[in-house]
Each structure stands twice: as C-alpha cells, then as structure tokens.
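Thanks for coming, everyone. Please have the sequence and the model open while I talk.

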Amino acid sequence: MEGRTRRNHRAKKIIITIGSVILLYLLVSFFTSKIVYDKQFPRYDRTDETLSASLRHADIAGDYPRISLTFPSGEHKLHGYLYGSQNDRGLMVIAHGLGGGADSYLSQITHFVDRGLRVFAYDCTGSHDSEGASTKGFPQSILDLHAALTFIGSQEELARLPVLLFGHSWGGYAVANILAYPHEVAGVISVSGVNSAMDMIREQGRTLMGPLIHTQLPFIRLYQLMLFGSVASSDAVSAINGTSTPVLIIHGAEDELVSYHESAIIAFRNAITNPRVSYITSYANGRNGHDNLFRTDEAIETIEQVNATYRQLYEQHGGNIPLEIRRAFYQGIDRIDLSRLEPTLMHAIDSFIDEALGTELQKM
C-alpha cells in the first residue's frame, strides 16, 4: 500500500512537471510572438524631406493644391488630403503601403486628378501625420479604409460621387478586403496586394525562422485575433468573390516582398470566381518588382545614376557625409523626373477606370 502511494505521488509530480513545462512553453511562445509581431509594425514618421529623393507636395503644390481633413478611426484621429476639388467624374480613394503615407503616391494622385477625378489620400494609423503609437498590424489598414469610406459617406459633397479604390501593398490588401464591407464601390485597383494577414506572416516568417515559424503561427493567430477580432481572418479572395465589383489586380512577377506565387492575391487567382476581375503582371524586365512597377525605364535609369553618384559621395567622405553636403545633393535632384509613371501601365489603369465608371453611370 505504501509503495502504491509513493508511485501515485511520483506520477502526480511527473504530471505537474509536464504540465508546468507545457504551460511555460505556451506562455513564452505567446509573449515572444507578441514581441516579434509588434516590432514588425512600428510607427512610421515622415522622413526629413530635405534628405530624400521622393516627390514632395511642395514640388507640385502650385498645380495641385489640397485640402487637409481629419476623421476618426477607432481611438485615433487620421489625417487625409483632398485633391482636385472641382472634379466631378468620381472619387479615387488611395490606401498607402506599410512604412509610407499618403504622400508616397503623389505621382499617382496627380495622374488621377489630371483625368478628372477627385482624390482622397490619407495616412493610416501610426503613419506620418496620423495619430497612433504604431501601425498595429496588417488588418489595421482594412479598419482605417473602412473609417475613411465611412467618413466620405458622411460628407454630402463627396458621398454623391462614385467611389474608386487604389491601394499598393498594405493598401492593396486593404482595398480588396474592404469589399466584404457594405460600402458602394465602383471599382478596385489592387497593386502588389496580399491575400490575407496570415498568408503574409507565414511567408515572412519562413524567411526569418524557416520551418520553425509553423510552431508559432497559432500564437500569432491568437494575438492578431485579440487585436482585431474577426477582421484578422479577412482574406481578399472571399471578399472579391462576394461582390460583382470590378477589380484590377496588378502584381510584379518578380516581387521581392510579396511573393507572386505565395502570399499575393494573384497567387490565388484560380480560386477567384468574380467574372469582373482582370490581371496585370509586368511589362518589361527591371520593372516587375514590388515598388518599381510604376516607374518608366528612364526614371529607373536616372535613379541608378543618382544612387551611383551618392555612393561616390559616400566613399569620398569615408561614410560620413556632412549634413549640408547631403542636403545640397538632394536639393539638386529633379524629383519629378524620378517619379514619372510608366505610360502603358497607367493607360491600362485608365481604361479600367473608364469601364468601371461607365458601368456605374448605367446603373444610375
């Protein structure tokens, strides 16, 4: 009897030890996943415009004035800009990529304004001029776009216009997934977009951790669910298939950030049943990556020349270029030349817009 008691006691200790180890593993895995996840979505403030070759609104303000607007998204106030206030053809809403802001797409904004559209571009949570200590996570872009469209619907002057959506990367994911929401949208242009947040996490996680990422996916999924609720499970394919809205999906075949064959929306094209979806991959070698799809060959060549000149300057100063020399270097760059849009691609986008707006007019 005494021996049986000792054995039972020993068995209980083993069970408690195993349970403690499992619990510790679960807690460590969850909090490690949370820390790693949060680090991927920091706040992105504006860079010093005097130390960047990117197009600035100051470069085009004379021809393209804008009106600043604010609207709520959850507990934060987001900052947006309205261009082409006299245009009545339609309203193009632009959702930006992670790490950027509304001004990252000034070339596209001016293009759409020139074609008779009003344009509303905004900074997402934790980006540029908007509030937020971080960008929070992939699903946040859907919530911010939902907030932007809700705000637009509350503005009498804007609500009367047919709405088009244009998004790149994080924004490309948002404009496709937003189709699951009850907003009236005439057409969607999704560029370099991800199908779902978990598809992107799985792809990027394999790069960071290899096969071990699969042991952490349940914890990441749980944390994302805690942050965003059901929005965390959104996927573009389901949203697109649940509507008859026309969608143009653009993705570079050699995208180095969102894999054409893995996490990209276009990777799931065989599952897309909406008959009004069309696709564009790339037009030429050297212009089929994540960010260079829109640039002309001449712009790409000029960028390479600018980079080569900067490298010479860097080497000349032993890797420590004085601030005033750096500013003088960037001051001498023709930012408009560097940001010229590839005409064939933009013509295809314009044709899609014409057809989408034509169909919208017929419905009216």
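Let me start with a term. Buried means under 20% relative accessible area, exposed means over 50%, and partly exposed is in between, with a 1.4 Å probe and protein chains only. With that in hand, go to Asn-195, in the loop between E6 and H7. Asn-195 counts as buried, at 4% relative accessibility.

Before I go on, the ground rules. This is a predicted model: local features need pLDDT of at least 70, side-chain atom pairs count only at pLDDT 80 or more, and totals for chains, interfaces and linings use all residues. Residues are numbered from 1 along each chain as its sequence is written, and side-chain values use heavy atoms, with hydrogens and water left out.

Back to Asn-195. What is Asn-195 in contact with, leaving aside its neighbours within four places in sequence? Contact here means heavy atoms within 4.5 Å. The list is Tyr-173, Asn-177, Ser-234, Asp-235, Ala-236, Val-237, Ser-263, Ala-264, Ile-265 and Phe-268.

Now the whole chain. It has 13 helices and 8 strands. Helices (H or I, at least four residues) and strands (E, at least two) are DSSP runs, numbered from the N terminus. The C-alpha trace spans about 95 × 65 × 40 Å along its principal axes. Of the 364 residues, 48% count as buried. Take contacts between residues at least 6 apart in sequence: 74% of them join residues at least 24 apart.

Next, the sheet. Two strands pair if DSSP finds at least two bridges between them. Axes are lines fitted to C-alpha atoms, for helices over the stretch in contact, and angles run from 0 to 180 degrees between N-to-C directions.

E1 and E2 pair in the antiparallel sense, over 8 bridges. Phe-71 stands opposite Leu-78 in E2. The two strands form a hairpin with 2 residues between them. Gly-74 sits in that turn, with a positive phi of about 65 degrees.

Move on to E3 (residues 91-95) and E4 (residues 118-122). These two run parallel, joined by 4 bridges. Met-92 stands opposite Val-119 in E4.

Which helices lie across these strands?

Two loop residues for your notes. Lys-136 is in the loop between E4 and H4. Its phi is near 75 degrees, a positive value in a residue other than glycine. Ser-169 is in the loop between E5 and H6. Phi of Ser-169 is near 60 degrees, again positive in a residue other than glycine. Buried or exposed, in the case of Ser-169? Ser-169 is buried, with a relative accessible area of 9%. Lys-136 is partly exposed, at 32%.

Last, the helix pairs. Two packed helices are described by the angle between their axes and the distance between the axes. Angles under 35 degrees count as roughly parallel, over 145 as roughly antiparallel, 65 to 115 as roughly perpendicular, and the rest as oblique.

Take H7 (residues 197-209) and H8 (residues 213-228). They pack at about 140 degrees, with axes 10 Å apart. The pair is therefore oblique. Residues meeting across this contact include Ile-201 and Met-209 in H7, and Leu-217 and Ile-220 in H8. The residues of the contact divide into 7 nonpolar, 4 polar and 3 charged. Ala, Val, Leu, Ile, Met, Phe, Trp, Tyr, Cys and Pro count as nonpolar, Asp, Glu, Lys and Arg as charged, and the others, Gly among them, as polar.

Then H10 (residues 297-316) and H11 (residues 323-331). Their angle is about 165 degrees, with axes 12 Å apart. That makes H10 roughly antiparallel to H11. Val-306, Thr-309, Tyr-310 and Leu-313 in H10 meet Ile-325, Arg-326, Phe-329 and Tyr-330 in H11. This contact divides into 6 nonpolar, 1 polar and 1 charged.
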